[in-house]
Amino acid sequence: MEGTSDLRVATPGSTAYQRRWWALGVLCLSLVVLGMDNTILNVTLPTLARDLAATASQLQWMVDAYVLVFAGLLLTMGALGDRFGRKLALNAGLLVFGVGSAASAFAGSPEVLIAARAAMGIGAALIMPSTLSIITNIFPPKERGRAIGVWAGVAGLGVVLGPVIGGWLLEHFWWGSVFLVNLPVVALAIGAGWRLVPESRDPNATPLDPIGAALSITGLVMLVYGIIQAPEHGWTDRRILGAFGIAAVLAVAFIWWERRIQHPMLPIEFFGNPRFSAASGAIAMAFFALFGSVFLLTQHLQFVLGYTPLQAGVRILPVAALIVAAPLSARLVERVGTKLVVVAGLLIVAGALWLLSTVELTDGYGLVAATLALLGTGMGFTMAPATESIMGSLPLAKAGVGSAMNDTTRQIGGALGVAVLGSILASSYAAAIQPALRGAPPQLTQTASDSIGAATTIAAQLGPHGQGLLDAARSAFIQGMGDAVQVAAGAATLAALLVLIFLPARAQGSTQGPGVPEVAQIETADLPGQPHR
């Protein structure tokens with residue numbers, strides 16, 4: 001293409017190479033707001049229910065609209081970034097995300113807020129694959145693992161910071177501040193990135209794949225919709241089975257179409273490389289554990305241990321051990337290979353979940369803190385090397401779609417974690433609390449059996465007579481949480497076994513689809529002080 005130079009990565013001596021670590025800081029800044037936005041809204045929902053008179057269904061869609069659009073568009077936006085430029089996609093995504101954040105902050109009705117959240121999902125789908133694909137193109141292979149380790153640590157940090165920052169803002173300002181906090185970060189990322197981040201793209205400029213994009217968007221939206229709605233309607237509800245059925249049909253159609261056309265959006269041959277497929281499974285399982293366990297623990301900290309939302313958010317912070325573990329994992333990979341580090345990470349995750357399953361009603365915060373620190377360490381050892389394995393197995397020209405595939409597995413794994421562990425918790429809790437509700441009015445029995453939150457509200461209304469119900473609800477919740485995390489621990493252990501069998505210890509050559517070169521394009525003209533070539 002005119003105005004570009006074909007390079008494998010930013011070459012030593014170039015401006016892009018000299019500024020690569022500064023560029024990484026900009027990309028991490030862009031990423032942290034996405035992680036925060038996944039969790040910051042959760043602490044705001046009670047306030048939104050009161051101030052906007054939002055129904056339970058509308059509150060759920062404020063969360064789900066963002067997740068559905070984000071997950072559904074990732075693959076397509078990653079492919080567009082490869083085609084038209086990853087820096088362009090990054091800046092466009094930041095702009096859309098910022099506008100959506102401002103619209104959310106000043107939304108006057110639940111419907112407007114839901115639409116604004118969907119717009120934020122569009123921006124997020126442009127931002128996230130762009131960050132990782134740019135890192136892959138500006139760092140040489142010997143440094144790429146460490147750079148991705150920093151990237152992975154920041155990705156997890158945003159998830160942890162969301163409840164803390166959200167709780168603090170709600171205590172001092174109105175609910176719109178949880179969205180306005182995104183604006184200075186977005187402005188700084190756009191301004192700094194304009195000078196520090198180089199442009200890169202697929203030099204082949206292959207034709208777009210609109211049919212493949214439509215199939216992937218529709219299929220992913222139906223899959224994530226089914227996962228999100230299953231705990232509410234039941235996994236065997238015909239609407240949920242219908243959503244999963246449509247997603248399966250569209251997945252088959254997508255694979256058939258991508259194999260048929262000359263220039264596929266996602267070459268299916270990539271999945272034949274175990275570095276790509278096994279690492280994708282490891283990442284999905286890591287986020288299954290992270291999102292699912294944090295979902296359970298935020299309730300445990302508030303309803304069982306009695307902390308406020310802000311206090312609970314602060315006490316989730318030990319999971320930030322992943323910030324240290326993720327960069328450290330790159331050095332371990334250099335010594336022992338990817339396989340052993342990822343297996344160790346998944347086994348640490350499994351051990352942390354098993355430890356969490358032993359928590360009893362009389363235990364305080366100490367055991368939870370130790371569990372969170374172990375979980376963060378295991379996450380860091382899993383996420384960073386598995387991500388590097390995925391990106392290292394692909395041609396640089398397809399870094400955008402490869403990054404999008406990595407991000408899609410994160411979103412689906414996280415949504416499954418919340419849905420599956422939440423469903424197990426609900427079933428086990430309802431069964432465990434029934435003996436304490438014998439003889440109670442049917443309406444009270446049904447409400448108290450729904451969740452520990454509902455039981456806590458009823459107990460508060462009953463005054464001193466509600467203490468027995470509160471104790472029974474807390475005991476039932478502990479049992480339900482234990483059952484849920486034991487299932488998650490077993491799944492993490494199984495994932496470790498599969499990684500041990502299928503994931504190669506080190507790279508064995510890149511996976512290239514038909515006609516896909518190993519080079520990417522770095523547009524050096526975008527960097528000050530670098531001549532246009």
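Gln-479 is located in helix H20, which spans residues 467-502, in a model that is predicted. With a relative accessibility of 45%, Gln-479 is classed as partly exposed. Once neighbours within four places in sequence are set aside, the contacts of Gln-479 are with Ser-428 and Ala-432. The C-alpha atom of Gln-479 is also separated by 6.9 Å from that of Tyr-429, although these two residues are 50 residues apart along the chain.

These residues belong to the contact between H17 and H20, in which Leu-421, Ile-424, Leu-425, Ser-428, Tyr-429, Ala-432 and Ile-433 are contributed by H17. On the side of H20, the residues that meet them include Gln-479 itself, together with Ala-476, Phe-477, Gly-480, Met-481 and Asp-483. By class, the residues of this contact comprise 15 nonpolar, three polar and one charged. The axes of H17 and H20 come within 7 Å of each other and cross at roughly 140°, an angle that makes H17 oblique to H20. The handedness of the crossing between H17 and H20 is right-handed.

Helix H17 (residues 399-433) also packs with helix H12 (residues 274-304), the two axes coming within 7 Å and crossing at roughly 40°. The angle makes H12 oblique to H17, and the contact of H12 with H17 is made up of 14 nonpolar, ten polar and one charged residues. The crossing of H12 and H17 is right-handed.

A further helix pair is formed by H6 (residues 110-138) and H7 (residues 141-172), whose axes come within 9 Å and cross at roughly 160°. The crossing of H6 and H7 is right-handed. In this contact, Thr-131, Leu-132, Ile-135 and Thr-136 of H6 meet Arg-144, Ala-147, Ile-148 and Trp-151 of H7, and the residues involved divide into five nonpolar, two polar and one charged.

Thr-131 of H6, which takes part in the contact with H7, is also one of the residues touched by Ser-30. Ser-30 lies in helix H2, formed by residues 20-40, and counts as buried at a relative accessibility of 1%.

Phe-244 is placed in helix H11, which covers residues 238-260, and is partly exposed at a relative accessibility of 24%. Excluding residues up to four places away in sequence, the residues touched by Phe-244 are Leu-223, Gly-226, Ile-227 and Trp-235. For one of these, Ile-227, which is 17 residues away from Phe-244 along the chain, the separation of the C-alpha atoms is 8.4 Å. Ile-211 is found in helix H10, which extends over residues 210-233, and is likewise described as partly exposed, here at a relative accessibility of 42%. The C-alpha atom of Ile-211 lies 9.8 Å from that of Pro-264, the two residues being 53 residues apart along the chain.

A search of the whole structure for aromatic pairs returns eight. In one of them, formed by Trp-256 and Trp-257, the ring centres are 6.4 Å apart and the ring planes stand at 45°, so that the pair is classed as tilted. Trp-256 is exposed, with a relative accessible area of 54%, whereas Trp-257 counts as buried at a relative accessibility of 15%.

With regard to the protein chain as a whole, the model contains 20 helices and three strands. Of the 533 residues in the chain, 58% are buried. Among contacts between residues at least 6 apart in sequence, 84% join residues at least 24 apart.

Conventions
Residues are numbered from 1 along each chain as its sequence is written. This is a predicted model: local features need pLDDT of at least 70, side-chain atom pairs count only at pLDDT 80 or more; totals for chains, interfaces and linings use all residues. Side-chain values use heavy atoms; hydrogens and water are left out. Axes are lines fitted to C-alpha atoms, for helices over the stretch in contact, and angles run from 0 to 180 degrees between N-to-C directions. Helices (H or I, at least four residues) and strands (E, at least two) are DSSP runs, numbered from the N terminus. Angles under 35 degrees count as roughly parallel, over 145 as roughly antiparallel, 65 to 115 as roughly perpendicular and the rest as oblique. A crossing is left-handed if the near helix is turned anticlockwise from the far one by less than a right angle, and right-handed if clockwise. Ala, Val, Leu, Ile, Met, Phe, Trp, Tyr, Cys and Pro count as nonpolar, Asp, Glu, Lys and Arg as charged, and the others, Gly among them, as polar. Buried means under 20% relative accessible area, exposed over 50%, partly exposed in between (1.4 Å probe, protein chains only). Contact means heavy atoms within 4.5 Å. Rings of Phe, Tyr and Trp (its six-membered ring) pair if their centres lie within 6.5 Å; planes under 30 degrees apart count as stacked, over 60 as edge-to-face and the rest as tilted.
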